[in-house]
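Thanks for letting me take a few minutes this morning.

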Amino acid sequence: MSSSSHSAVTMGKLSLTFATIITIQFFGSSVAIWQGRSSTGTPDELTTDFELDNYKWKSRGTLRWKRGRFGTPSRHTGPDGDHTKPAGNGRYVYMEASSPAKEGDQAWLEANTTSSSDSCVMNFYYNMCGITMGKLELKLNGNVVFSKSGRRRCGWKQGSAPIAKGNAAIQFVATRGKSWKSDIAIDDISFTGCTLLPVVPGQLTTNFETDNGKWNSQGSIQWTRQSGGTGSSGTGPSGDHTTGSGKYVYTESSGKQVGDQAKFEADTLSMSDSCVMNFYYHMYGSHMGRLEVKLNGNVVFSKSGDQGNQWNPGSVTIAKGNAAIQFVATRGNGDKSNIAIDDVRFTPECTATPGQLTTDFETDNGQWILRGTLRWKRVSGRTDIRGTGPSADHTTGSGTYIYVETSSFKSAGDQGLLEAATQSASDSCSMNFYYNMNGQTMGKLEVKLNREVVFSISGDQGDQWKQGSVAITKGGAIIQFVATKGPAWESVIAIDDISFSSNC
């Protein structure tokens, strides 16, 4: 590590939380910071080795997280290099404790995520080398789940913390200690065992007989599975909707406050504008509150007041694309305001069959949905970015394909996502496609099934179309092509001729 003069300052505390944020982007050794809100990403989107900028993680606080290479500018503190690469040639992030930083100053690295599994674990590596070392904490939803303080043996150490089912606000907080010899570094954040949302609409279908399915309960009131009556007189159903002796979920209003809420939520992907979610609700009681269904935060269904001692049908249209669905039950002005839900189901048009996802991109994008910070374009011939991309489509040489725009106003690590929801009836179903990754600063192409990576390739593959293939498991699947931009604009990734085997 290079030497430099420093004023006396103390290392304090490093913690992890979700809050308002400042994004860090690095161009070489320079750092550009923008202020904004906390970013939300799936666990796989938050997985990072910091080799490229990860826009899902944000930095804020009186000190900033910086992306480093080799050692930090401060002698006798911080790592000699990153955790992953041999000889320390890779990248990591660190908090610089040199003057004008003061004792107790903090740097926060934060993001929000959702897990649908109680076995989800976040893993990371940390470096706390320095004689006046402060503290490193990891916070989930404001609660400390990992904490290290004081001088540690120099070198990278592994840390981990369980991510509970549901929404998690994650925050690393680094607090400066008594002097500049207190740089803290983090590298290689990853997740294991996280069953991820969104899911195929059909996977949200449930009658609550065995569990809550893929739905997560949040709020000051919890959704509770029940058979028979709720135990409260003058409110709630006497049995489930399906058989009268089965299960349903409800909100218990006894002992709660007026306006307290229970939220039942999940994310899904619809492939049809005619997709409909059907359900049954029960709102019986003289103090009855309100039941809403929200799609991406917008109210699309609302009932309030006593609806009678009976199960009533409800339905909402799910627009094509990604949908965050919430049932929101609000307690009324007394104990007689239990609200219940049963038999959530979706019409068959909510997913596309594998055959409907077959496309050569000649006329449009077919049933595929395009999103992300990089824009997908349909084009014939060469792209409009010199020195990268294919010279023609794969099919005829004069047809059309799609590619991600990677011009200079885009940042390294930006992504373009091509996604769809489908249902396969066979374990031997396979998806075939062609890709072109021609460029000296090429990034990475991944295919994900239900957020798990099943295909990955990176680096310059030459100006030629290559074939890729992945197995589609039996049942519902969300398929994603994820194209990640490399360190410069010569990183165009193109896709053509998506098809499925006949036994899908």
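C154 counts as partly exposed, because its relative accessibility is 44% and that class lies between under 20% for buried and over 50% for exposed. Please bear in mind that this is a predicted model. C154 forms a disulfide with C129, the two sulfur atoms being 2.0 Å apart, and C129 is buried, with a relative accessible area of 8%. The link of C129 and C154 is right-handed, with 60° about the S-S bond, and it connects distant parts of the chain, from the loop between β9 and β10 to the loop between β11 and β12, 25 residues apart.

How many disulfides does the structure hold? It holds 3. Another one joins C275 and C350, with sulfur atoms 1.8 Å apart and a right-handed link of 85° about the S-S bond. C275 sits in strand β20, whereas C350 lies in the loop between β25 and β26, 75 residues apart. C275 is buried at 0% relative accessible area, and C350 is buried at 2%.

There is also a disulfide from C429 to C504, S to S 1.8 Å, where C429 belongs to strand β30 and C504 to the segment after β35; C429 and C504 are both buried.

Those strand names bring me to the sheet, which is open, has 5 strands in the order β27-β28-β35-β30-β33, and pairs in the antiparallel sense. Its edge strands are β27 and β33, each pairing on one side only, and the twist averages 30° from one strand to the next. Within the sheet, β28 and β35 pair over 2 bridges, and I402 stands opposite I495 in β35.

Methods: Residues numbered from 1 in each chain as written. Predicted model: local features only at pLDDT ≥ 70, side-chain atom pairs only at ≥ 80, totals over all residues. Heavy atoms only, no water. Pairing = 2+ DSSP bridges. Helix = DSSP H or I, 4+ residues; strand = E, 2+ residues; numbered from the N terminus. Axes fitted to C-alpha atoms, helices over the stretch in contact; angles between N-to-C directions. Disulfide = S-S within 2.5 Å. Buried < 20%, exposed > 50% of the residue type's maximum accessible area, 1.4 Å probe, protein only.
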